[in-house]
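Have a look at it before reading on.

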Amino acid sequence: MKPIQPDNETPAGSTDENSDPLISIRSILLSDVRDRLREIEHQIDASQTQAQSDDDNLRQQLNELLMELDRLRQLAREADERSRDLKTEIEILRRRAQADSEGLIARVTPVLGDMISRTIRDSRDEMAEALGPIMGEAIRVQIRDSRKDMVEALYPVIGESVQRAVGEFTKEFQRNIDARLKAAFGPRGMLRTASARLRGISPAQLAMRDALPFSIREIFLIQHGSGLLLAHSHPGSTEVADSDLISGMLTAIRDFVRDSFGYGDKDKELDEVQYGDQRIIIQSGRAAYLAVVSTGTEPEGFRAKLHEFVSELHVKYEKVLAQYNGDPTILPNLQPKIARLVAETTGGETGPRKMSRNTKLAWVIGILVSVLLIALGCFYLQFTVALYPIAFPSPTATATGTPTATPTLTATSTATATFTPTSTSTPTQTFTPTSTPTFTPTFTPTFTPTPYKAYADGNVWTRDFPDAIKPHVEVLFIKTPVTVLSVYGRWLKVEWFAGDGRHQGWVPAIWITVVEPISPILITPTFIP
Amino acid sequence: MNNTIVQKKICLLGDFGVGKTSLVRRFVEDRFEDKYLTTIGVKISRKTIERPYGSMNMLIWDLAGSTGFDSFTNPSYMQGTAGAAIVCDITRRETLTIVAEYARQARIMNPKIHLVFVCNKADLAGTRVISDPEIASVSSTFGDGTFFLTSARTGERVEDVFFTLAEKIDARP
């Protein structure tokens with residue numbers, strides 16, 4: 001750097017007297033500037049020196065850093081190499097582990113199984129606690145993934161349970177039916193069955209009704225609209241504390257159903273609610289309605305009975321029922337009426353039923369008619385017994401001597417088809433040649449021929465004996481009706497009527513067509529001439 | 001002492017979420033639940049209270065809340081009601097504006113019905129948006145201008161509501 005020359009300095013020998021004061025003034029004025037310039041010059045020198053020094057330091061540090069970097073690079077390279085080595089080792093180990101896993105499983109499985117078994121045995125509750133939460137989920141997953149397997153696995157269990165339950169029910173049902181059938185065949189049961197039949201109920205229906213007996217658990221009488229409980233009876237259950245709440249809720253449900261499904265028809269009401277084997281039968285009146293909680297099959301006419309009850313109640317108490325505002329003092333005691341309704345509707349089980357006047361009258365008429373029929377039956381029987389010997393007289397001669405053979409009874413006697421006055425003696429069942437002479441005048445000549453049982457197939461010779469070598473007697477013409485009297489081998493003894501009366505003779509069986517099977521008693525090894 | 005037991009049907013009316021069910025729960029079971037469950041249809045509870053003549057079985061019909069009188073609660077449920085509490089929420093102004101309509105509907109169903117006006121959620125004073133003069137003004141449009149500032153959470157004045165109803169009913173059944 002070029003040094004700054006002070007302006008106040010003048011070269012030697014060039015000063016003069018005029019310039020001296022100027023020079024002095026200039027020197028005085030610029031002395032500060034000169035000093036400052038000199039100071040700056042020093043500072044610049046110092047800075048240059050400092051910069052030089054810093055530059056050296058930086059260079060040195062850079063060298064050091066470069067050396068450090070080299071060292072680190074070296075280390076990184078070494079780390080990379082080590083990492084590669086480790087990866088290789090891990091890969092080797094992994095492959096080795098993979099190769100050994102099957103063997104490992106085989107070795108661990110029995111131990112694991114044993115361990116689980118022992119844990120279950122020793123700490124059953126803990127295991128149940130541990131496994132419980134996941135059991136449901138596990139079953140769900142299993143059902144989702146393999147429904148068929150689960151069904152097959154569970155079928156024996158569930159099937160057996162269902163079968164057992166059904167079996168129990170069936171047995172119980174059967175016992176019930178048996179008991180009812182036994183009861184049904186008692187005198188009272190027979191009467192009941194007959195009565196049911198008259199009303200169009202089959203015995204099966206009756207048995208079913210008896211097997212599923214009807215019972216009333218509770219009866220509520222509830223005010224319309226407000227749902228306030230007017231009366232409550234619980235013949236088939238214990239006292240329910242919340243009957244007033246139930247009546248309110250039932251009313252709300254009815255209102256809800258009517259408003260939701262009535263479609264504007266305010267006359268329609270909910271008339272039945274079924275829950276399991278219980279039913280709530282509702283019979284509605286103008287001011288109040290009756291809700292009957294029941295089980296089993298309701299007896300015939302039950303609804304009509306409820307309707308009648310509610311109607312009667314309204315006839316008597318409609319104003320009170322409608323105006324009831326929760327004050328029990330204005331309400332009549334309806335409890336006995338409801339109790340009576342229960343007794344009447346559940347039949348004779350709860351007490352004797354009072355018969356109506358019409359029922360009583362029907363019973364009296366029925367009994368009278370029965371007695372009359374029985375009397376007529378007895379008379380008819382006696383009459384028949386008395387007439388029997390006359391209508392069917394004994395084949396022995398002794399029977400013929402009875403006073404019944406009076407002329408007045410002649411007609412009856414002649415009506416018997418097989419009675420003949422001939423004296424033919426045959427082993428047949430035709431009656432009989434043994435009539436005594438006393439009988440003879442009583443019979444009229446009107447003879448009813450015996451219906452034939454065979455006829456001749458062609459014109460054939462008859463013989464006195466069942467033998468072809470015996471001489472012919474007479475010809476039996478074709479289509480002649482005959483009665484077979486006896487059978488011997490291939491021969492038949494027949495009887496027929498010709499123009500001059502009765503004829504008998506033996507003919508070969510092949511010439512006779514038998515209309516009816518021949519009675520075995522006619523077939524004998526011997527013949528009767 | 002006389003042992004007459006009378007039954008009275010009481011209804012609670014009001015918009016959704018004003019706290020009708022909570023009031024009933026506080027009165028009947030003396031407890032409060034924070035969670036809100038909408039009442040569907042109706043829920044009936046019973047509370048027996050001592051009266052000079054014996055006791056009164058209050059059958060409290062907690063009707064499902066509605067929004068505005070267009071969808072007023074099923075009128076069938078109001079039949080035979082002796083008294084009703086009309087409830088509003090002091091933190092929701094819209095629940096106040098509709099109470100007069102509830103009162104009108106209740107009187108259509110039963111002209112003799114006794115009404116009390118209940119402003120619930122008094123414990124939420126910080127978020128209150130309705131002042132006492134406003135409430136009194138609305139109350140006077142359908143009643144005598146009185147009201148109950150209640151809190152089902154704390155139980156404040158809840159019993160007063162039902163006992164006042166019982167007294168009104170006993171005075172003129």
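What follows covers the interface and then the nonpolar cores.

This is a predicted model, so local features need pLDDT of at least 70 and side-chain atom pairs count only at pLDDT 80 or more, while totals for chains, interfaces and linings use all residues. Residues are numbered from 1 along each chain as its sequence is written, chains are lettered from A and ligands numbered from 1 in the order in which they are written, and side-chain values use heavy atoms, leaving out hydrogens and water.

| Interface item | Value |
|---|---|
| Residues of chain A in contact with chain B (heavy atoms within 4.5 Å) | 20 residues |
| Residues of chain B in contact with chain A | 19 residues |
| Area buried between chain A and chain B (accessible area lost, 1.4 Å probe, summed over both) | about 1600 Å² |

Of that buried area, 51% is on carbon and sulfur atoms. Two salt bridges (a side-chain nitrogen of Lys or Arg within 4 Å of a carboxyl oxygen of Asp or Glu) cross the interface. Arg46(B) and Asp244(A) form a salt bridge at 2.5 Å, N to O. Helix H6 of chain A (residues 243-261; helices are DSSP runs of H or I, at least four residues) gives the largest share of chain A's side, nine residues.

Now for the cores, meaning buried nonpolar residues (under 20% relative accessible area, 1.4 Å probe, protein chains only) joined through side-chain atoms within 4.5 Å. The largest has 57 residues, and Leu221(A), Leu290(A), Leu321(A), Trp61(B) and Phe117(B) touch the most other members. Its largest share, seven residues, comes from helix H7 (residues 302-323) of chain A. Beyond its neighbours within four places in sequence, Trp61(B) contacts residues including Ser226(A), Gly248(A) and Tyr77(B).

Key:
Buried area = accessible area lost by both parts, 1.4 Å probe. Helix = DSSP H or I, 4+ residues; strand = E, 2+ residues; numbered from the N terminus. Buried < 20%, exposed > 50% of the residue type's maximum accessible area, 1.4 Å probe, protein only.
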